[in-house]
Amino acid sequence: MTSSRSLDILLDLQRLNRELQTRDVVATVEATKAKMPPKRRRSTAATSTAAADGLPNRVLQTPILPNSAPPLKKRASLRGKVDTNPDQNPEIVDGKYALRASPDADEKGEAFNAASLVPASTPVSVAKTNGEVKKEASNEGVNGIETPTKKQKKSSTKSSVAAKKGSDEIKAFRAEQAAKKAAEVKVKKENGGEEWDKRLDPDGDEEGPVEDVDAVKLEAGRPPPVNSDYLPLPWKGRLGYACLNTYLRTSNPPIFTSRTCRIASILEHRHPLKDPSQPEHATKNRPDKSQPASIERGQRYVEELSLANIRDIPKMLRWNDKYGIKFMRLSSEMFPFASHAEYGYKLAPFASEALAEVGRVAGELGHRLSTHPGQFTQLGSPRAEVIANAIRDLEYHDEMLSLLNLPDQANRDAVMILHMGGTFGDKTSTLSRFRTNYASLSPSIKSRLVLENDDVSWSVHDLLPVCEELNIPLCLDFHHHNIIFDSSQLREGTHDITALFPRIRATWTRKRITQKMHYSEPCPEAITGRQRRKHNPRPATLPPCPDDMDLMIEAKGKEQAVFELMRRFKLPGWERFNDIVPFERDDDNRPVPKKGKGKKTKKQIEPEIEEFGEEARDDEDVVVKDVVPEEEIGMGGKENRVYWPPGMEEWLRPKKREVGGKKKGDGVGNEEEMFRNPTPANFKARQEITKQNRKLLGDNVRERLGEAKCVEDVKRVLEEIRGGEMVAEDPVAGKRQGSVATSRKKATPKSKPKSTKKKAKDVPTPSLSTMSGDEDEGEELSLPELSDDFEEPHTDKKPVLKRAVSSRQSGRARGKKMSYAEDQEDEEM
């Protein structure tokens with residue numbers, strides 16, 4: 001009894017001790033928690049709880065910075081520099097006017113396709129940014145309830161307000177442009193559509209609607225053109241091209257003067273870069289829209305593009321001079337949006353020095369420069385806003401030409417070619433408005449302005465009187481004249497227009513300006529007037545102009561069209577250029593691709609390390625190429641290889657490497673592709689194919705072709721020839737084959753025929769089922785074995801090797817009539 005009570009007391013004491021220890025531990029933990037700072041909470045719910053408890057927000061928003069991140073290296077020379085190479089920066093685009101045969105053309109079919117010759121660019125970062133925005137905006141549950149991980153909306157700060165303001169500015173601009181475009185479309189529909197604006201192309205590049213059959217027949221039956229047989233030879237004038245040099249455009253880096261951008265890019269670049277100490281990158285270093293925008297910063301972006309365009313002009317002028325071209329039209333897009341109503345700007349002083357350098361080079365080389373404002377620059381329009389835009393555009397072109405500081409005569413020759421534009425329903429009223437608006441122009445613009453006949457409304461006879469009245473030179477365009485002319489006074493062609501040459505020339509000499517003309521040709525397949533507006537990439541002849549004329553060749557081929565005429569008529573400078581090597585260029589510093597080789601084994605590397613101290617490198621792996629100086633890049637190399645045949649623009653770029661093996665059954669297609677695109681790499685293969693195709697057919701092949709019953713039999717024989725199973729027989733080979741066939745015939749036993757049952761299986765009786773032709777084309781030829789009583793008829797032809805008997809027969813064997821009487825007699829026996 002006493003022992004049991006003692007045990008209970010002991011257990012109670014132990015329980016009490018454990019409870020006291022537990023209370024001490026809990027008290028210690030609570031005291032520790034009270035002394036610790038509040039724990040950071042990441043979820044939205046925790047953030048709201050902390051705010052309710054009165055905890056400071058700065059504790060929750062303290063950023064966690066990396067401890068081991070190295071500082072970025074600053075490059076002072078590249079700070080904030082814009083990448084003006086369109087092959088690397090997708091925001092830099094080619095000016096659409098410079099790519100065309102004429103700046104006022106607007107058709108993809110005639111424009112030089114520069115995009116097909118440039119490598120694929122880096123994806124635009126805007127799409128990535130938009131994707132992230134969509135991803136954040138869709139961070140909700142299925143029922144519209146916020147997930148706990150969604151961040152709480154922060155209060156507006158100065159940076160966020162600036163970002164929203166910049167985004168709203170871009171959206172407002174896009175909405176304004178869309179509204180203007182819709183209003184213009186509405187006005188055109190209400191007015192029935194002006195022909196000049198309807199086709200959007202005074203030089204006729206658009207395909208337009210399908211021509212009516214009767215209209216095509218009527219145009220095809222028009223009187224044939226009467227052309228002059230005079231050629232201005234020997235040539236003493238200057239040939240030129242418009243805006244873009246296709247060879248230099250595909251150099252590395254590209255050399256051209258029509259880099260431009262979109263207004264949205266200007267608005268975006270009003271914000272500073274994320275890292276101003278580093279150059280701009282298409283994806284890694286973009287403008288930070290959360291930072292305040294600055295109009296001056298966006299203007300600097302446009303100025304950098306403009307200066308990049310100007311700095312390439314001296315290189316183009318020296319290239320032209322090297323190959324005998326001394327006349328070039330400057331691109332109107334050299335200064336993006338310079339004449340825009342809202343985003344326009346003056347060229348001085350930021351471009352004064354660069355343009356003066358261009359004028360100095362042009363003056364030293366004796367080159368002529370001119371411009372051609374676009375089709376929407378019209379001084380005869382009834383709309384006041386169109387007149388205001390036209391005057392701003394003319395002032396921009398005049399400032400650009402004036403800042404060149406050319407010599408006196410070259411400055412007078414730097415003219416601005418202008419079209420009259422639409423008729424607006426009444427030519428007389430349009431001419432009256434033109435006279436009024438022309439009188440308000442500055443003297444500098446009047447001294448440069450030149451009118452040109454077009455291919456829609458205004459003929460030479462329409463413009464020549466007003467040019468003589470207002471002392472404006474008239475530029476004759478032969479291509480336009482052959483489409484729009486006064487049929488009551490002359491015929492289509494170049495013959496009758498020569499009677500007006502003295503009056504046209506007088507409009508130039510009165511102002512002491514060197515006369516110029518435009519020449520191009522329609523495509524050979526063109527019939528109607530709309531179709532004939534499209535320019536031929538390379539004209540075939542010269543117009544009957546004076547031999548001292550400055551002739552602008554308006555063609556998609558640009559400088560290649562000039563080369564074509566120089567080579568055809570042996571014009572001065574035709575011997576200076578040579579054909580390019582397909583897919584190869586030696587006038588730039590493109591890295592040479594290395595030949596892939598397998599890795600060395602450890603056993604091969606160890607002896608090299610013991611002997612030389614490092615792994616030895618094969619001399620074949622190191623490709624040595626001479627470094628081309630910067631001034632020689634794109635100049636054609638030592639052999640002046642800058643010309644290519646018509647349609648071979650793809651030769652300007654290295655041939656793309658074909659990935660993937662040869663597909664089964666594509667042999668014929670691959671052979672055709674090799675001969676269609678011959679290269680040094682497939683020369684041996686083409687040589688082998690040609691050698692094989694020239695082999696004579698043997699007698700056995702001729703015999704089989706003669707026995708063919710259908711097209712499938714002929715195809716089967718040809719496939720066997722292509723596979724190398726049959727070759728031409730020479731006399732020696734024929735004798736050898738004959739002896740082999742004779743020996744096989746003698747060795748065949750006559751008294752021991754094979755089982756008739758098996759023979760009946762091998763050679764089935766011809767029927768509709770067996771004549772269906774479902775056999776595979778690749779099946780081997782099989783013939784029935786001869787019976788004992790069958791004697792081979794005597795023939796002078798050479799014996800042919802018999803092929804092995806197959807369980808399945810070819811179409812020829814099934815279609816051949818045979819007698820099976822012998823087999824029936826054997827079965828009866």
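The chain holds 30 helices and 12 strands. Both element types are DSSP runs numbered from the N terminus (helices: H or I, at least four residues; strands: E, at least two). The model is predicted, so local features need pLDDT of at least 70 and side-chain atom pairs count only at pLDDT 80 or more, while totals for chains, interfaces and linings use all residues. Residues are numbered from 1 along each chain as its sequence is written, and side-chain values use heavy atoms, with hydrogens and water left out.

Of the 829 residues in the chain, 38% are buried. Buried denotes under 20% relative accessible area, exposed over 50%, and partly exposed in between (1.4 Å probe, protein chains only). The accessible surface of the chain is about 50,200 Å². Carbon and sulfur atoms account for 54% of that surface. Areas were computed by the Shrake-Rupley method with a 1.4 Å probe; for residues, only the protein chains shown count as cover. Contacts (heavy atoms within 4.5 Å) were also examined by sequence separation. Among those between residues at least 6 apart in sequence, 77% join residues at least 24 apart.

Arg-259 belongs to strand S3, residues 259-260. Its relative accessibility is 5%, so Arg-259 counts as buried. The side chain of Arg-259 makes a polar contact of 2.8 Å with the side chain of Asp-312. A polar contact is a pair of N or O atoms within 3.5 Å; within protein, one must be able to donate a hydrogen and the other to accept it, and residues adjacent in sequence count only if both atoms are side-chain atoms. A polar atom of the Arg-259 side chain also lies 3.2 Å from the backbone oxygen of Ala-308. Leaving aside residues up to four places away in sequence, Arg-259 touches several others, including Thr-84, Ile-92, Asn-309, Glu-333 and Pro-336.

Ser-306 sits in helix H10, which spans residues 295-311. Ser-306 is buried because its relative accessible area is 0%. Beyond residues up to four places away in sequence, Ser-306 touches Met-334, Phe-335, Pro-336, Tyr-345 and Phe-350.

Arg-503 is part of helix H19, residues 501-509. Arg-503 counts as partly exposed because its relative accessibility is 37%. With residues up to four places away in sequence set aside, Arg-503 touches Leu-464 and Glu-468. The side chains of Arg-503 and Glu-468 are joined by a polar contact of 3.0 Å. Arg-503 and Pro-465 are 38 residues apart in sequence. Their C-alpha atoms are 9.8 Å apart in space.
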